[in-house]
Amino acid sequence: MGNILVSQEKISTSITGADAYKIRYKSYDLHGKPTESTGLVIAPSGEGANRKVMSWAHGTTGMGDASTPSAQPDPAAELRLYFASGSTTPIDYGVPGLQNFIDEGWVVVATDYQGLGTEGPHQYTVNRTNGIDAVTIVHAAREMNIGAGNRFGLIGWSQGGGSVAGAAELEDADYGSLELVGTVAMSPGVPSVAVKLPGLGAALAGGGAPTAPDSHLFMILASHAVAFPETLSLDDVFTPLGKKMFEENYNSATGHHLDSILSRNFKLYGPMLEIKKEKLPLLLKAFEEGSATQKKPVSPVLVLIDGQDPDGPCPLPWQLGYIDAIKALGGDITSSTYPDDDHFSLPQSSIDEARTWLNSKF
């Protein structure tokens, strides 16, 4: 695939026995448009060869530079949560189970995704674009002197669960010399599934409810307008106020901060969502083209389900709908449910199962 790695900088890490790097690398979106992304590469210290690689795809952080995981303090670390008691972080960042992966000799890579720390708005929940970034970072890591092998596994959570689902459905040319051995989707967010179910589907059919928009829905609409510029624009999904809110805040506000900004400005100034009815078919087509569930995954897939709150950030019907869609495509897919975990505790609770399962696929 040519030279992918643009730059690398060694950084400190709280993980023992590891060397960590922040990198910038070349990638591309679902249309083949060239992009660049940043991310992390963490490898066991010392020489190594043909090491197993795990590519981590993070969950929702936002749509711009303020939401970049690798730009946070001590980014090459265990997962930190915005909602955890005593939290001081504006976003979720880090990699669950990172120390154990290093102790077992894995190379771990973690993309920020395009637009988070690089040019332009991030294509939030466009599974295929996000999935490409999770694969191209493995190509970049193999250009470094860290012993990364060509066989790799994917683990992603929430938005990242959809990202790895998309990454498992790419073309041979996207993988090149790489071999994807297994894909773990923790509570996957797949728009093509969600739009067929109550909630997102109803919100779109209604053209945008006259209520304060949830930041997730706001970002989903914006990102698909950005990702499909030949058929969609921000004016097709937002009122003038909504467009103003996006342009003024996408790069500087994290997802949780954006939620508060949208709520306040709605109360002061009015509606922000306004999906043009004539553009709804094109928006739905964009969801289909950008999402996973288009073809049989090239690897086995394990779905890890948070079962405590069926109406959580990735509702249970979304997770089960993804499983049903992959079964219908003939994919090798299994699942485990964690009934005592919500959306945010799932990664830490299930990462040992994910690592053990991936190990069995090498």
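Select the side chains of Thr38 and Asp112 in this predicted model: the two make a polar contact at 2.5 Å.

Now show the strand around Thr38. This residue lies in β3, which spans residues 34-44. Is Thr38 buried or exposed? Its relative accessibility is 6%, so Thr38 counts as buried, the cut-off being under 20%. To see what surrounds Thr38, leave out its neighbours within four places in sequence and select its contacts, which include Lys22, Ile23, Arg24 and Tyr25.

Next, go to Thr125, in the loop between β5 (107-111) and α2 (127-141). Thr125 is buried as well, because its relative accessible area is 7%. Which residues is Thr125 in contact with, leaving aside neighbours within four places in sequence? Select Asn130, Gln159, Pro191, Ile220, Ser223 and His224.

The last stop is helix α8, residues 240-249. Colour its buried residues: Leu241, Gly242, Met245, Phe246 and Asn249. These sit on the same side of α8, because they cover an arc of only 140° around the axis. In an α-helix there are 3.6 residues a turn, so residues three or four places apart point the same way. Finally, show α7 (215-227) and α9 (255-269), which are included in what covers the buried residues of α8.

Technical notes: Residues are numbered from 1 along each chain as its sequence is written. This is a predicted model: local features need pLDDT of at least 70, side-chain atom pairs count only at pLDDT 80 or more; totals for chains, interfaces and linings use all residues. Side-chain values use heavy atoms; hydrogens and water are left out. Buried means under 20% relative accessible area, exposed over 50%, partly exposed in between (1.4 Å probe, protein chains only). Helices (H or I, at least four residues) and strands (E, at least two) are DSSP runs, numbered from the N terminus. The arc is that of the directions from the helix axis to the C-beta atoms. Contact means heavy atoms within 4.5 Å. A polar contact is a pair of N or O atoms within 3.5 Å; within protein, one must be able to donate a hydrogen and the other to accept it, and residues adjacent in sequence count only if both atoms are side-chain atoms.
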